[in-house]
Every structure is written in structure tokens, then in C-alpha cells.
Number of protein chains: 2
Amino acid sequence: MEILESVGIERLTVRALAAKLGVAVTAIYWHVGNKQALFDGLVERIIAQIGQIRVRGQGPEVRILSIGHSLRHTLLERPNVVAVVHRQGRTAALFQPARRVLVRELTALGLPAAETAVAVGAILNLIVGSVLVDRQVERQPAQQATPEELWTPDDVPDNPDLLRYLSQPVDQQELFDYSLRVLVRAVVSGV
Amino acid sequence: MEILESVGIERLTVRALAAKLGVAVTAIYWHVGNKQALFDGLVERIIAQIGQIRVRGQGPEVRILSIGHSLRHTLLERPNVVAVVHRQGRTAALFQPARRVLVRELTALGLPAAETAVAVGAILNLIVGSVLVDRQVERQPAQQATPEELWTPDDVPDNPDLLRYLSQPVDQQELFDYSLRVLVRAVVSGV
DNA sequence: ACCTGAACACCGTTCAAGT
DNA sequence: ACCTGAACACCGTTCAAGT
């Protein structure tokens, strides 16, 4: 975990771990089997630790929004951790606690079972997506082409105002707020 | 590209490419510099090929939905390709053509510039997220814990109907349809 | 039961040497 | 200008050998 958070998943190697522990590389293999098993164990610990969700506020809409924001915030704080979980294909398990509390809030609304299941999935997908995109953006701050090269006045004829907006870097947090609000409102009002 | 699509990004190595070309490993280095540059070049080609979007249908809502579905479909067909683009941090560039046509459709709606920029970002984020989650799900079909273990009757008291829904594997396509529809409707109606 | 060193088959990369 | 082989520093993994 220390290696992961300090130098990233790329350099979390069996040999680096052995060195950190002051032990022969092969000792790791005796204890955990192989690298796959090592990562599996690490991810299980992460899931047990990070999964916890605090729900705050009054009223279903506010409470559901707070779940989304808290989860997104937790994940954004630990990009390397999210990377391992994703790599091990355990994203679903990581999100299970959030799924649990979301179900609780949505059943309180008295929605039909089918709609609740879809709404929970949609909200969680939105969060996963937003986090993955955010990580992507921060990992590549200079996306090679500048916005000015990507947009020509031709794309947005007679609209210098829009061109200015499009040329600014996207505020991921704002996008997330907007999408989540729209989605939750639709769910709560039963569309 | 052939290696990528046939055996996946993991095994797309400089040495594998050299072997496929019947050439010494070091020849690759003379031509493209290093692996990073090799991947960069590959990704540029992919972006030029895959970015193209067909917009179909009449009316802004239908046309925007068609953009979303076409893009998602294209990306889901080539999971390995998406993986390289994502790894090289060029997702934004891959989505530029879609961004372009989305802007065109939304300006036709006559929305204020600020709202158009946010709406475009939100829709694209939804698509990226849905594709990444979908790839995740299919890469790990057996998510270790079965739904039956994840949910206890305690989580959904007195609601066996909901429990049944939650225990089924999530239909990612349905989730995407739902979220996109909600989002586009909100944008079109100017919420 | 736990740890070691040697060895193997892989990587990416550099560099001097060839034509 | 283009390609090669040898070499280096890294990987993950196995296995016989030690205590």
C-alpha cells in the first residue's frame, strides 16, 4: 500500500516490495503465491477500507447527492488506489457499500423495484465514469493539442462566446454536479 | 494495429512487433524512437480512423441520442483500441469529432453558450464512463462474489422483488439508454 | 515452516558495428 | 540511411537448496 501510494502502480513490483521488506524476492512467492494474488489481497483491503460511505442531509434528493459527492471525492483523493482496483476488475465490489446505501435511500422514495435497480446503476455509472475521466484528464494535463487548435471559428459559426467557453479547460466537478443533479431529479420525480 | 486487435495491449511489445515484421528489435528504435512514440503514432492513426460520427434522425433529441449510441457502439466494438487511447491519455482527442457534432446540434437548439459547453461535456462524460465501465464488466465476467452473496434480505427489507432485480447482472446498455435519455431531455428542455 | 540464490524467459533500451 | 548483435538493467516466476 505504501509503495502504491508513493510511487504508483507502475512501480509496485514484486522486487520493489521484497526490497522494501528487506527480504529475498522469492519469499514473497512463498507467502502470497504470485503477483496476481498479491494484488488481489491488496485490493480486498482497499475495498474494506474505502467502501464506507457517509450519508448526510435531509430529504432523499440531498442525501443521494451527498452519496455521489462523498464517493467521488474519496476516489479522486486516491487515484493510484482506484487504478489497482480497476485493473483487478473489482470496481463492482468497491462500489457495493455505496450501492447499498443508494438502495436504502431510493426504496425510501417508494419507487417500483425495476426503476430503483436501474436508477442505482445509472447513478453509480455516472460516478465511476466521472472519476475515470477525471483521472485521465489529470494524468495528461497537456493534452498535446491546445483547445485553440481543436476548435476553429468554423465549428461554431458566428458564436465567439461559445468558442471561448469551449476553449477553456473543462471543469470536471461542474460537469459531474450538473449530470448528477439532472439524473437524481429525474429519478426522484419518477420520470 | 494487428497485434493490438488480435492479442491485446498487454502483448503488444516492441519485440513482438519486430518479430512480426521479421526484423531486428533495434530496427524499430531507429524508425520510431521508443515504445512511447510507437504507441503515440498508433493512437494518432486510431483517432483519425475511429473519430468519425454519423448523425441520424430528425429533431435535436433524436439526433443527439444517435450520436451517443453510435459513439458508444463504435468504442465497445474495439475494447483493445479504447485501452491504448486511454493509456496514452488521448481520450479527449478521440472524442473531439463527437464533441464537434454535439456542439453543432446543441447550438441549433439556441441554448446559451455556457449551457451548451456544460451539456456537451456532460454527455461525453456519460459515454466515456459507460464504455469504461462496460469494458470493466466484460473483462471480469465472474466478479468473484455472486450477487446472491452481495445482497442479503437485510439490505432490502420486505422487498423480495427488488432483491431479485438487484441480484440480476446489470444491463449496461439499458443503464446507458436511461441516463442518456434523461440527460438529453434535460438539456433540450433547458433545465 | 520459512527463506535463500541461481536460473529462466521475458521486457525496454543503448550503442558500437556493419552495409 | 538503415539494420544488426551484444549488452544492460529491469521484470515475473520456478526450483532446488538451505535452516
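## Basis of the model

The structure is a predicted model, in which local features need pLDDT of at least 70 and side-chain atom pairs count only at pLDDT 80 or more, whereas totals for chains, interfaces and linings use all residues. Residues are numbered from 1 along each chain as its sequence is written, while chains are lettered from A and ligands numbered from 1 in the order in which they are written.

## Overall fold of chain A

Chain A contains twelve helices and zero strands; helices (H or I, at least four residues) and strands (E, at least two) are DSSP runs, numbered from the N terminus. In sequence order the pattern is α-α-α-α-α-α-α-α-α-α-α-α. Chain A is more spread out than a compact globule, because its radius of gyration of 21 Å is well over the 16 Å that the globule rule gives for 191 residues. The radius of gyration is taken over C-alpha atoms, and the globule rule is 2.2 Å times the number of residues to the power 0.38.

The C-alpha trace of chain A spans about 65 × 50 × 25 Å along its principal axes. Of its 191 residues, 34% count as buried. A residue is buried if 20 or more other C-beta atoms lie within 10 Å of its own, exposed if 12 or fewer, and partly exposed in between, with C-beta atoms placed from the backbone. Among the contacts in chain A with a separation of 6 or more, 63% are between residues 24 or more positions apart. Two residues are in contact if their C-beta atoms, placed from the backbone, lie within 7 Å.

## Packing of helices α5 and α12

In chain A, helix α5 (residues 60-77) packs against helix α12 (residues 172-188) at an angle of about 145 degrees, and their axes are 10 Å apart. The crossing of α5(A) and α12(A) is right-handed. On the α5(A) side, the contact is made by A:Pro60, A:Glu61, A:Ile64, A:Leu65, A:Gly68 and A:Arg72. On the α12(A) side, A:Phe176, A:Leu180, A:Val184, A:Arg185 and A:Val188 take part. By class, the contact of α5(A) with α12(A) comprises seven nonpolar, one polar and three charged residues.

For these values, axes are lines fitted to C-alpha atoms, for helices over the stretch in contact, and angles run from 0 to 180 degrees between N-to-C directions. A crossing is left-handed if the near helix is turned anticlockwise from the far one by less than a right angle, and right-handed if clockwise. Ala, Val, Leu, Ile, Met, Phe, Trp, Tyr, Cys and Pro count as nonpolar, Asp, Glu, Lys and Arg as charged, and the others, Gly among them, as polar.

## Contact between chains A and B

The contact takes 45 residues from chain A and 45 residues from chain B. On the side of chain A that touches chain B, the elements giving two or more residues are α7 (91-94), α8 (96-108), α9 (113-139), α11 (160-167) and α12 of chain A. The largest share of that side, 16 residues, comes from α9(A). Its residues divide into 25 nonpolar, 15 polar and five charged.

B:Thr91 lies in helix α7 (residues 91-94) of chain B. B:Thr91 is buried, with 23 other C-beta atoms within 10 Å. Neighbours within four places in sequence aside, B:Thr91 is in contact with A:Gln136, B:Val85, B:His86 and B:Val128.

## Surfaces near the DNA strands

Around DNA strand C there are 16 residues, of which A:Ala24, A:Thr26, B:Thr13, B:Asn34 and B:Lys35 come nearest. A residue is near a strand if its C-beta atom, placed from the backbone, lies within 6 Å of it. α3(A) gives the most to the surface near DNA strand C, with four residues. By class, this surface has eight nonpolar, six polar and two charged residues.

DNA strand D is surrounded by 16 residues, and the closest are A:Thr13, A:Asn34, A:Lys35, B:Ala24 and B:Thr26. At least two residues of the surface near DNA strand D come from each of α2 (14-21), α3 (25-32) and α4 (35-50) of chain A and α3 (25-32) of chain B. α3(B) gives the most, with four residues. The residues of the surface near DNA strand D divide into eight nonpolar, six polar and two charged.

## Two exposed residues of chain A

A:Arg54 is found in the loop between α4 and α5 of chain A, and A:Arg54 is exposed, with 10 other C-beta atoms within 10 Å. A:Arg54 and A:Ser70 are 16 residues apart in sequence and 7.2 Å apart in space, C-alpha to C-alpha.

A:Ser6, in helix α1 (residues 2-7) of chain A, is exposed, with 10 other C-beta atoms within 10 Å. The C-alpha atoms of A:Ser6 and A:Asn80 are separated by 8.9 Å, and the two residues are 74 residues apart along the chain.
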